[in-house]
Amino acid sequence: MEKKLNDLIDKALSRRQFLAGAGTTAAATLVVGCNSSTTTPSPTPTPTPTPLNLPDNDILNFALNLEYLEAEFYLYATTGSGLSTADALAGAGTTIVPPNTVAVPWTTPAQAQFAAELAQTELDHVRYLQGAITANSGTPVPRPAIDLTFFGPLAAAASIVATPTFNPFADPNSFLVGGFTFEDVGVTAYAGGGPALVSNILLSGVAGLQAAEAYHAGSIRTQIAGGAANTGDATFLNYANKISALRATVGGGNETQLSLSSIVAADPTNALGFSRTTDQVLHIVYGTGGGAGVSKGGFFPNGLNGKITTTAS
Amino acid sequence: MATLETQQLDEIIVKTRRKMLTMGGAALAALAFGGTTKAEAQSTTTPDQDILNFALNLEYLEAQFYNLAVSGVTIDQLPTPIPVAVNGGTAGSVTLKPSFAKVPFVSSIVAAYAAETATEEGKHVLFLQKTLGSVAVSMPDIDLFNSFNALANLAGIGTSFDPFASDQNFLIGAYIFEDVGVSAYHGAAPLIADKTGVLPAALGLHAVEAYHAGLIRTVISAYDNGVSTGPLSTMTQAISAARSTLANPDPTMPITSPFTTFAGTTADDLGVQSATVSLNGGSTSATFTSTTIADTDLNALGWSRNSIQILAIVTGNPATATAFTGGFFPNGLNGTIS
């Protein structure tokens, strides 16, 4: 298998050099180049693409919806606006943000730089998944309608505030709680999605996505817990834990209460990271429990795009 | 025009896109050649148990480091001992500096992080031992003294380095391990045959290493007040350059020490540093300075390393070596992948 992979890598690289090297001439020779690199040359390429690993593309499109959500949140926090039209793809839904949303008023350069990293990371993930789906003979879904004002009702549901006024763009600490809302969910979603993939190449990609989410989740959890310890003010630590409790309620448990001595979200028995099913993830981002048949709500007022959109349990 | 093979090619292109974007033609040829060489040195039919035993060696190393830092004793001497000799095997020894003592933590926050990590890495050892059952390997010889000194030389951060000397040194010691663990589990994941039992566990271990790495990198950045030229951040950049070079050695540029800049064929590691990102929010594009809390590639994916690359880093040999002893494992790893 590895030998074959390496042969394929060699061929892919040579093909890529064609593409990079000689413009339209290379494009004209590309078909020839492809065929000459196969073990059984044929006079014409196969005319109709046979979709490969369709279930894989469904999983990747599910993940793409989540990455759109994260990218929108961090881009608004950093730049005051969301994904470009090109990145959102044709047919994209609109994103609702709290009135007068501009970039978060950072108080230190480090805060702004961390937010910029998050924005760039999630933007890269959007582009990576779009490319991976296309390369796997699939069609990446456009950004669905996204509602970033849902943080307000979410905070109310989590008993953070009595009225839905929590705004993650209001200040750096609120921003961290906003990021906290998403990152651990991303880790668990990729942990659940990875083993379901047919393609080992895509599995590696998903593991890479999982790592990035866990790096960021680890950082955000460290900053929230460390901030509370340094200032003696546990307000935002308590917010985060209320969000965590709400996620546990609708998302099948899989949460670790955050504290200075408990940064990592993992199974207390064996210290393995948690995993969630698509149903559990949907319940969290739709902001509701309620078993089967939930198809929209919360951060996604019109539901996700793609095939995995409705809870089965 | 999409044949089965061209679709496979596209998948591979996606995976190797980062390398291709950052490399010129000659380097591309070297990559193709180097990739073939590396992969052929590996077993093509690595059983899941071999992979898990490989991971167990790494978890022994991490568990010993953190528990020694926190408690001052090896894991088999803890109040609730963690076995180091299993299945009738003989445990290796742990080499420490003369007059070793646990880290004199000043910051209660860093001490808390260390304690949590020590506990979790210990649980990883126990989990892997239990999962592997009768085929689990014992702990190999581990060196936590000469290894750090050699690595310090290699990374150009001094003639010696004691990770147990202070809060800051402890953080750098932890930095050396965590990103490596992330890339090791990532590289192993697609090779695992049992996708219902073993793979989910490996991804769970993978996530926790990345949580730890994110924690450590965040605290290091905070110690430097977010200044990427600060002393700790500068050390991480040198260590990452060393890891990259060991994992991706350039045969035409022999590794000489000390060096502070990357000297291999392709960099697969980012220190705690600053980067410039271009975010086209809405219709306008603007550049921002960003952190590099996550150690990721140009697609913002965590790095993946194969077992040879991991062996290279933890034993301090270039990945082109034919034997992997030295560094943290003076007599090599136990198990098939060694």
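Chain B has an average pLDDT of 86, and 82% of its residues score at least 70; pLDDT is the predictor's confidence in each residue, from 0 to 100. This is a predicted model, in which local features need pLDDT of at least 70, side-chain atom pairs count only at pLDDT 80 or more, and totals for chains, interfaces and linings use all residues. Residues are numbered from 1 along each chain as its sequence is written, while chains are lettered from A and ligands numbered from 1 in the order in which they are written.

**Confidence**
- For the complex, the predictor gives an ipTM of 0.85 and a pTM of 0.85.
- Over residues 1–45 of chain B, pLDDT stays under 50, and the model has 78 contacts beyond four places in sequence for them (a contact means C-beta atoms, placed from the backbone, within 7 Å).
- Where pLDDT is low, the predicted coordinates should not be read in detail.

**Chain A overall**
- Chain A contains ten helices and two strands (DSSP runs numbered from the N terminus: helices are H or I, at least four residues; strands are E, at least two).
- Their order along the sequence is α-α-α-α-β-α-β-α-α-α-α-α.
- Of the 313 residues in chain A, 55% are buried (20 or more other C-beta atoms, placed from the backbone, within 10 Å of the residue's own).
- Of the contacts in chain A between residues at least 6 apart in sequence, 65% link residues at least 24 apart.

**Helix H8 of chain A**
- Helix H8 (residues 200–231) has 32 residues and spans 46 Å from first C-alpha to last, close to the 46 Å expected at 1.5 Å a residue (1.5 Å times one less than the number of residues).
- H8(A) is mostly covered, with 27 of its 32 residues buried.

Key:
Buried ≥ 20, exposed ≤ 12 C-beta atoms within 10 Å, placed from the backbone. Contact = placed C-beta atoms within 7 Å.
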